[in-house]
Amino acid sequence: FVVERKLRERMKIPVFHDDQHGTAIIVGAALLDAIPLVYKRIEDLQVVICGAGSAGVAIGEFFVKLGVRRENIIMTDLYGVVFAGRDYEMDEYKGRFATTRPILTLEDAVKGADVFIGVSAANVLTPEMVRSMAGNPIVFALAVMVLLVSMYTKKPLDFSIFPTVLLVTTLLRLSLNVASTRVILLEGHTG
């Protein structure tokens, strides 16, 4: 976030961080598509974001712009739930999502949650955790995919980058076409 901010201050071209903006846009669009299917309202969603790095924080911020209440987002990292008063492995960005609820573990965080976003490591969400979520949960397990083996080439293929590659290319081309100096994700959007 610091590098991005400094680049925006110094450069007169769009600055786009794929892990932040690309992932947030894709996940935000998927959330908006999923909500009507499970008959839930965005402002009522209880969300758990597993992974408090650049992607997780950007997704959280974008969700807030889309209408999810900040206080309804619980963020976890390698050390557990990001909570108010935690004095280790914190920064100002994930600190914006520090919860005051008495929850310390991912297992406790997902109980009753409507949405799970996984942008940390693979296999952290167990079937038991999914069963503990609210009815009709929305789960986006986006941790870097385990390499898949193509049945035709027998070579490993990593499909994890394809959705955002198209998005990034389109956004940057459009930004350059209109001489934009910023990529703005719903700035000023009221829901």
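This is a predicted model: local features need pLDDT of at least 70, side-chain atom pairs count only at pLDDT 80 or more; totals for chains, interfaces and linings use all residues.
Local features need pLDDT of at least 70, and side-chain atom pairs need 80 or more, while totals for chains, interfaces and linings use all residues. Residues are numbered from 1 along each chain as its sequence is written, and side-chain values use heavy atoms, without hydrogens and water.

Trainee: How many helices and strands does the protein have?
Mentor: Elements are DSSP runs, numbered from the N terminus: helices are H or I with at least four residues, strands E with at least two. The totals are seven helices and seven strands.

Trainee: Which residue stands opposite V81 in β3?
Mentor: Strands of a sheet pair through backbone hydrogen bonds, parallel or antiparallel. β2 (residues 73-77) and β3 pair in the antiparallel sense, over two bridges. Opposite V81 stands T76.

Trainee: Is I13 buried, partly exposed or exposed?
Mentor: I13 is found in the loop between α1 (2-10) and α2 (18-38). Buried means under 20% relative accessible area and exposed over 50%, with partly exposed in between (1.4 Å probe, protein chains only). The relative accessible area of I13 is 40%, so I13 is partly exposed.

Trainee: What share of the 191 residues count as buried?
Mentor: The under 20% cut-off for buried applies here too. Of the 191 residues, the buried share is 39%.

Definitions and conventions. Two strands pair if DSSP finds at least two bridges between them.
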